Amino acid sequence: MCPVCKKAGIPVKNTTVRHLVHNKLADQVGNKDYYLCSSEACDIVYFQPESDVRFLQYQVKVPVWFKKGADPKYICYCSKVTEEAIMDAVIDYNAKTIKDIIKLTGTMQNCKCEVENPTGKCCAPVVQQTIKKALEAK
Ligand SMILES: [Zn+2]
């Protein structure tokens, strides 16, 4: 649970956090794993339940897409593809599947999700959700 907003956290590996906090903060990361706060409104990005170590959005190199004010709103962090680009591909270029999105936006190339994505996981499920959202908006 996030110490500030009390919402559930998503488990994230230490190596992900180490790569994504600003370099000058790397010493504070330690060697334990973290949680990512899942709340849109909360400024906490990474926290550890058993210690006071926490990292806020301004201390992290990339905006977390589901946090309020994320700009740009990356969905695929490895290829720097935004939510807007995926929405446009669906609405303006008739993309319907992940394959179409890959062709049109170059998403999911050279995947290094473990160190590029704030969750440390592949963005494919979020790309899929974004396609669904765009199809519904169409
Ligand atoms: Zn929080």
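This is a predicted model: local features need pLDDT of at least 70, side-chain atom pairs count only at pLDDT 80 or more; totals for chains, interfaces and linings use all residues.

Four cysteines hold a zinc ion, the largest pocket has about 170 Å³ of space, and glutamine 57 sits in a loop between two strands.

**The zinc site**
- The zinc ion gets its protein donors from the SG atoms of Cys2, Cys5, Cys37 and Cys42, which lie 2.3 to 2.4 Å from it.
- Angles among the four donor atoms run from 97 to 116°, and the site is tetrahedral.
- For comparison, the ideal angle for four tetrahedral donors is 109.5 degrees.
- Along the sequence, the donor residues follow the spacing C-x2-C-x31-C-x4-C.
- Cysteine 37 counts as buried because its relative accessibility is 0%, and cysteine 42 is buried too, at 8%.

**The largest pocket**
- Its lining is made up of Trp65, Phe66, Lys73, Ile75, Glu83, Val126, Gln129, Thr130 and Lys133.
- Helix α5 (residues 124-137) gives the largest share of that lining, with four residues.
- Sort the lining residues by type and you get four nonpolar, two polar and three charged.

**Glutamine 57**
- You'll find glutamine 57 in the loop that runs between β4 (54-56) and β5 (74-76).
- Is glutamine 57 buried or exposed? It counts as buried, because its relative accessibility is 19% and the cut-off for buried is under 20%.
- Leaving out residues up to four places away in sequence, glutamine 57 touches Asp43, Val45, Val62, Pro63, Val64 and Lys67.

Definitions and conventions
Residues are numbered from 1 along each chain as its sequence is written. Side-chain values use heavy atoms; hydrogens and water are left out. Donors are N, O and S atoms within 2.8 Å of the metal (3.2 Å for Na, K and Ca); water is not among the atoms, so sites may look incomplete. Four donors count as tetrahedral if all angles lie between 85 and 135 degrees; four count as square planar and six as octahedral if opposite donors are over 155 degrees apart and all others between 65 and 115; anything else is irregular. Buried means under 20% relative accessible area, exposed over 50%, partly exposed in between (1.4 Å probe, protein chains only). On a 1 Å grid over the protein atoms alone, a cavity is a set of points where a 1.4 Å probe fits but cannot get out, and a pocket is an open set with protein on both sides within 12 Å along at least five of seven lines; lining residues have an atom within 4 Å of a point. Grid points are joined across faces, edges and corners, and a volume is the space filled by probe spheres set on the points. Ala, Val, Leu, Ile, Met, Phe, Trp, Tyr, Cys and Pro count as nonpolar, Asp, Glu, Lys and Arg as charged, and the others, Gly among them, as polar. Contact means heavy atoms within 4.5 Å.
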